[in-house]
Amino acid sequence: MVPSCQVAVLYFAKSAEIAGVRSETISVPQEINALQLWKEIETRHPGLADIKNQVIFAVRQEYVELGDQLLQLQPGDEIAIIPPISGG
């Protein structure tokens, strides 16, 4: 069984509006692929499914594609959900 850890999820712009929070702490497996991690977050905030293909997903301030790559998370790691920012 894979041990779990507490990580901080930071929501920005539209993702914060959808989630209703700017940040929260969640418990996830220490070894998890990026897509599974997104699904864990989406389970808590189903409305995020609407922007899944538009967000930038970052783990420890490094961009991560929502795919099969395995993440090795540590307690306190930051996960950022950054939707596209429009402006001129």
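A: Begin with the term strand: helices and strands are DSSP runs, numbered from the N terminus, and a strand is a run of E of at least two residues. Asn33, for example, belongs to strand β3, residues 31–33. Keep in mind that this is a predicted model.

Q: Is Asn33 buried or exposed?
A: Buried means under 20% relative accessible area. Asn33 has a relative accessible area of 14%, so Asn33 is buried.

Q: Which residues does Asn33 touch, not counting those up to four places away in sequence?
A: Asn33 touches Gly67, Asp68, Gln69, Leu70 and Leu71. The Asn33 side chain also reaches two backbone nitrogens: that of Leu35 at 3.0 Å and that of Gln36 at 2.8 Å.

Q: How do I read a sheet, and in what order do the strands stand here?
A: Strands of a sheet pair through backbone hydrogen bonds, either parallel or antiparallel. In this model, 5 strands form an open sheet with mixed pairing, and the order is β2-β1-β7-β4-β5. The edge strands, each pairing on one side only, are β2 and β5. From one strand to the next, the twist averages 35°.

Q: Which helix packs on the sheet?
A: Helix α2 does, touching β1, β2, β4, β5 and β7. The direction of α2 makes about 130° with that of β2.

Q: How many bridges join each pair of strands, starting with β1 and β2?
A: Go through the sheet pair by pair. β1 and β2 are antiparallel, with 7 bridges, and Ser4 stands opposite Pro29 of β2. β1 and β7 run parallel, joined by 4 bridges. Ala8 stands opposite Glu78 of β7, while the bridge partner of Tyr11 in β7 is Ile81. β4 and β7 are joined by 4 bridges and run antiparallel. β4 and β5 also run antiparallel, with 3 bridges.

Q: Which residues of β1 lie on the covered face, and which on the uncovered one?
A: Cys5, Val7, Val9 and Tyr11 make up the covered face of β1. The uncovered face holds Ser4, Gln6, Ala8 and Leu10.

Q: How do I read a nonpolar core, and which residues touch the most other members here?
A: Look for buried nonpolar residues joined through side-chain atoms. The largest nonpolar core in this model has 23 residues, and those touching the most other members are Leu37, Ile41, Phe57, Leu73 and Ile79. At least two core residues come from each of β1 (4–11), α1 (14–19), β2 (23–29), α2 (34–44), β4 (56–59) and β7 (78–82).

Q: What is Ile79 in contact with, leaving aside its neighbours within four places in sequence?
A: Ile79 is in contact with Val7, Ala8, Val9 and Leu10, with Leu37 and Ile41, with Phe57, Ala58 and Val59, and with Leu73.

Q: How many salt bridges does the structure hold?
A: Side chains of opposite charge can pair when their charged atoms come close. The structure holds 2 salt bridges. One of them joins Glu40 and Arg44, whose closest N and O atoms are 3.6 Å apart. Both residues lie in helix α2, 4 residues apart, about one turn of the helix. Glu40 is partly exposed, with a relative accessible area of 29%. Arg44 is also partly exposed, at 36%.

Q: Where do Asp77 and Arg60 lie?
A: The side chains of Asp77 and Arg60 meet in a salt bridge, at 2.5 Å from N to O. Asp77 lies in the loop between β6 (70–72) and β7, and Arg60 in the loop between β4 and β5 (62–64), so the pair ties together parts that are 17 residues apart in sequence.

Q: Is Asp77 buried or exposed?
A: Asp77 counts as buried, at 9% relative accessibility.

Terms used: Residues are numbered from 1 along each chain as its sequence is written. This is a predicted model: local features need pLDDT of at least 70, side-chain atom pairs count only at pLDDT 80 or more; totals for chains, interfaces and linings use all residues. Side-chain values use heavy atoms; hydrogens and water are left out. A nonpolar core is a set of buried Ala, Val, Leu, Ile, Met, Phe, Trp, Tyr and Cys residues joined through side-chain atoms within 4.5 Å. Buried means under 20% relative accessible area, exposed over 50%, partly exposed in between (1.4 Å probe, protein chains only). Contact means heavy atoms within 4.5 Å. Two strands pair if DSSP finds at least two bridges between them. A salt bridge is a side-chain nitrogen of Lys or Arg within 4 Å of a carboxyl oxygen of Asp or Glu. Axes are lines fitted to C-alpha atoms, for helices over the stretch in contact, and angles run from 0 to 180 degrees between N-to-C directions. A polar contact is a pair of N or O atoms within 3.5 Å; within protein, one must be able to donate a hydrogen and the other to accept it, and residues adjacent in sequence count only if both atoms are side-chain atoms.
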